[in-house]
Amino acid sequence: MTMTTTDPGDPVHAKALSALEALGIEYECLPHPAVYTIEEMAALRLPHSAAIAKNLFLQDDKKQNFYLVTLRGERRADLRRLQQDLGSRKLSFAGGETLSRVLGLSKGAVTPLGILNDEERQVRAVFDRSYGDKDLIGVHPLQNTATVFLKMEDLARLVRAHGNPLTFLDFA
């Protein structure tokens, strides 16, 4: 895998890709039409489609704790079990305004790379343990008009380097 970019002039993609490059992370970035669901992603038939992740932005009922959950596209997240595994209060999906305020993202563009916009380091990244360190994972580069493929260990390294807490859980 090489460092391949979409449009180097796109400032939103450039921020995410520059962060990867700064850490020496190899990636492949493939442009595509805007997509809003995992089903729309599947319809694109991108290479490495089994690596494409589903991303959820969650908050507790007091809107004090935020979780960016990344799991394999075919898996489902049981919010009650997730709440227990994280030792959290009741969880729900965060709204678009919260997503924009906390991660600078819009609906349909939720990505673990959104951590780069979390200046307060208040979001806990939660990754599906079924992604092994060397496995590829496909995520958006801050917009839903491209997908970046990189190794899971490199994505985890980026989150840690940014200073956000990180947890790996099993999603059955």
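Mentor: First, the term: on a 1 Å grid over the protein atoms alone, a pocket is an open set of points where a 1.4 Å probe fits, with protein on both sides within 12 Å along at least five of seven lines, and lining residues have an atom within 4 Å of a point. A volume is the space filled by probe spheres set on the points, which are joined across faces, edges and corners. This is a predicted model: local features need pLDDT of at least 70, side-chain atom pairs pLDDT 80 or more, while totals for chains, interfaces and linings use all residues. Residues are numbered from 1 along each chain, and side-chain values use heavy atoms, without hydrogens and water.

Trainee: What volume does the largest pocket have, then?

Mentor: The lining counts 25 residues, and closest to the centre are Tyr36, Asn55, Leu56, Gly108 and Val110. The volume comes to about 490 Å³.

Trainee: Where do the strands sit in the open sheet, and what is their order?

Mentor: Strands pair if DSSP finds at least two bridges between them. The edges are S4 (91-93) and S8 (166-169), each pairing on one side only. Pairing is mixed, and the five strands run in the order S4-S2-S3-S5-S8.

Trainee: In S4, which residue is the bridge partner of aspartate 60?

Mentor: S2 and S4 run antiparallel, joined by three bridges. For aspartate 60, the partner in S4 is leucine 91.

Conventions: Helices (H or I, at least four residues) and strands (E, at least two) are DSSP runs, numbered from the N terminus.
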